[in-house]
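Please open the structure in your viewer and keep the selection tool at hand. The stops below follow one another in order.

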Amino acid sequence: MNPVSAPDELERRLSTLPISLRVSAGDTRAIASLQALRVTAIRPRAHPPQRLAAGLAIAAIAIVAANFAVAYYAPTYGQALAAAPILGGIAQPLLQVTGITQANAVALNGSATSNGHTVQLVAGYADGLRTVILLEIDGRGLTGKPKLFGSHPGDFSIAAGDATLADQFGHVYSQRGGPGPTVLEFEPLVWPASKVGARLTLHITGLQKYWLLGPPPPTTDTALSGDWTLHATMIAAAMHDLALPAPVRTSDGVFSVTLLRFTGSELVIHWTVTGPINDQMDRAQYGSGAPGWNPSLEQLSRRFFGLALFDSSGTPAATTTGSGGEWNPGIFRGETTVMITHPGRYRMQLAEGLTAPADQRSITVP
């Protein structure tokens, strides 16, 4: 049977098919021919090379566009596509004051000019505690001797409250001041920017004539208005907890470290003091009648409610927030944040009065 006529032949035979008909060998061949025709009809035809190339080009464009979109909203994704820049050229004393090092800061670029003055981004750093941006104004502010900045005409600073910072998701970060006139510190990155990285926009609307701010009172207006907009990409450093040292037990009380959280540039320390020393503090504050600060209370506070950290050379680590805390019935809870400028082994003194070798504790900062 000719395969082309198989459908007609099968239709004719089916129309006259008696109920008791037994399928013959010819019927079997016709059904097989029909199935072969159906498979041929639905088999996809090969695409010409030109159409295939065009399809691949469109797919490539779509992939590139998707990469750009994802990398914009999630800079950590784009981090795998480009190497991070290296910081350099900033005065070491200024870096030490900020707690930022060559290893953990990221170089930034980009500048804006307004009202005859140029603001240039230089470096930045972010972790779970803060977001820091270092910049120069007309090429000044980060090099040379930081203590001398502001003593010469032309040394500008950012006016208080005239800098705003926002991420790609629209969150606006509060400014916290900063350790230097050209170092801006903001609150830490928030989710989702803290997770995927931040595309930050810094908007500055005013500068200060820094050399005119000191005594005597300025006789001229020190403010300079303008409109500077700069962009930076920053990824928050990971925080991790360090092993806690054993408590120090004395007849005055028990001194315990309850948290050691390291961000890469700062170490957050929480500690508690329990025991008889708290009762002594209560008597010193309230036992003489009118509560208040007095020499006895000050002496006890200094001897038993302060914490200090020293590196292997004996140099104390600078504090960024100082030691503070609060007394509750029977317990004092303290907190301090210290700058870490280099890894290594550090000696911790949980109170000024704990000077015996057995009362010292050591921690290792990676």
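Select F305 first: at 7% relative accessibility it counts as buried, where buried means under 20% relative accessible area, exposed over 50% and partly exposed in between, with a 1.4 Å probe and protein chains only. The model is predicted, so local features need pLDDT of at least 70, side-chain atom pairs count only at pLDDT 80 or more, and totals for chains, interfaces and linings use all residues. Residues are numbered from 1 along each chain as its sequence is written, and side-chain values use heavy atoms, with hydrogens and water left out.

The structure holds 5 aromatic pairs; rings of Phe, Tyr and Trp (its six-membered ring) pair if their centres lie within 6.5 Å, and planes under 30 degrees apart count as stacked, over 60 as edge-to-face and the rest as tilted. F305 and F332 form an edge-to-face pair, 5.0 Å centre to centre with 70° between the planes. F305 lies in the loop between helix 8 (295–304) and strand 15, whereas F332 is in strand 17 (residues 331–339), 27 residues apart. Helices (H or I, at least four residues) and strands (E, at least two) are DSSP runs, numbered from the N terminus. Now include W271, which forms one aromatic cluster with F305 and F332.

Which residue of strand 18 is the bridge partner of L309? The partner is M348. Strand 15 and strand 18 (residues 344–349) run antiparallel and are joined by 3 bridges.

Methods. Pairing = 2+ DSSP bridges.
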